[in-house]
Amino acid sequence: MSTSSLRRQVKNIVRNYSEAEVKVREATSNDPWGPSTALMGEIADLTYNVTAFAEIMGMLWRRLNDHGRNWRHVYKALALAEYLVKTGSERVARQCRENVYAVQTLRDFQYVDRDGRDQGVNVREKAKQLVALLKDDARLQEERAQALRTKEKLAQASAGEERGRWGRTVLRARV
């Protein structure tokens, strides 16, 4: 277990974060790798619970307001927000649209690391993509419909795999 992971766990306990908040913190950590699709899927499912929705969005907006050396918090929060807008509760998309100005300000995000690399470019580009999605109703609805179709296909496939394990119907790959 890394030092940053241990530190994050201690903060989660000391600050008494809920399960939903802990998941968002994990997905938007400063670790140099992105959040897993499985973790983002768990968070998306939690957005259908009213209490968890409020906790998730509160932590997400907090991460989006980070700056400087915590640029990964901001970048990953944008990536998570985009995922949640597409796959989470409709309330996520509604709240992001209502607060689109907060995302728009990130199109000017600046951070240059010690080696002179402009890390802010990643945040600026992701913010532009999310703003474009939030402002295009037709595209947003199509992205949400596509995400739902994908989720249904995966659920059917996993249900088929379950049956296969027990000696019943097994899904075969289409050729």
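Helices (H or I, at least four residues) and strands (E, at least two) are DSSP runs, numbered from the N terminus. By that rule Leu-6 is found in helix H1, which covers residues 3-14. The model is a predicted one, in which local features need pLDDT of at least 70, side-chain atom pairs count only at pLDDT 80 or more, and totals for chains, interfaces and linings use all residues. Residues are numbered from 1 along each chain as its sequence is written, and side-chain values use heavy atoms, with hydrogens and water left out.

**Overall build**

- The protein chain has nine helices and zero strands.
- Read from the N terminus on, the order of elements is α-α-α-α-α-α-α-α-α.
- The C-alpha trace spans about 55 × 45 × 35 Å along its principal axes.
- Of the 175 residues in the protein chain, 39% count as buried; buried means under 20% relative accessible area, exposed over 50%, and partly exposed in between (1.4 Å probe, protein chains only).

**Buried side of helix H6**

- Helix H6 takes in residues 90-98, and its residues Val-92, Ala-93 and Cys-96 are buried.
- These residues are on the same side of H6, because they cover an arc of only 95 degrees around the axis.
- The arc is that of the directions from the helix axis to the C-beta atoms.

**Surface patches**

- Patches are made of residues with over 30% relative accessible area and no salt bridge, with like charges joined within 9 Å and nonpolar side chains (Val, Leu, Ile, Met, Phe, Trp, Tyr) within 5 Å.
- Accessible areas come from the Shrake-Rupley method with a 1.4 Å probe, and for residues only the protein chains shown count as cover.
- Leu-6, Val-10 and Val-14 make a nonpolar surface patch of about 290 Å².
- Leu-6 counts as partly exposed, because its relative accessibility is 46%.
- A surface patch of positive charge gathers Arg-7, Lys-11, Arg-15, Arg-62 and Arg-69.
- For charges, Lys and Arg count as positive and Asp and Glu as negative, while His and the chain ends are not counted; the place of a charge is taken as NZ of Lys, CZ of Arg, CG of Asp or CD of Glu.
- Arg-69 sits in the loop between helix H4 (50-64) and helix H5 (71-87), and Arg-69 is exposed with a relative accessible area of 65%.

**Salt bridges**

- Side chains of opposite charge can pair when their charged atoms come close.
- A salt bridge is a side-chain nitrogen of Lys or Arg within 4 Å of a carboxyl oxygen of Asp or Glu, and a search of the whole structure finds 14 of them.
- One of these joins the side chains of Lys-151 and Asp-45 (3.0 Å, N to O).
- Lys-151 lies in helix H9 (residues 137-165) and Asp-45 in helix H3 (residues 37-46), so this pair ties together parts that are 106 residues apart in sequence.
- Lys-151 is partly exposed at a relative accessible area of 44%, and Asp-45 is partly exposed at 43%.
- Lys-126 and Glu-82 also meet in a salt bridge through their side chains (3.1 Å, N to O).
- That pair links distant parts of the chain, with Lys-126 in helix H8 (residues 120-135) and Glu-82 in helix H5, 44 residues apart.
- Both Lys-126 and Glu-82 are buried.
- Arg-117 forms a salt bridge with Asp-113, and their closest N and O atoms are 3.1 Å apart.
- Arg-117 counts as partly exposed at 47% relative accessibility, whereas Asp-113 counts as buried at 14%.
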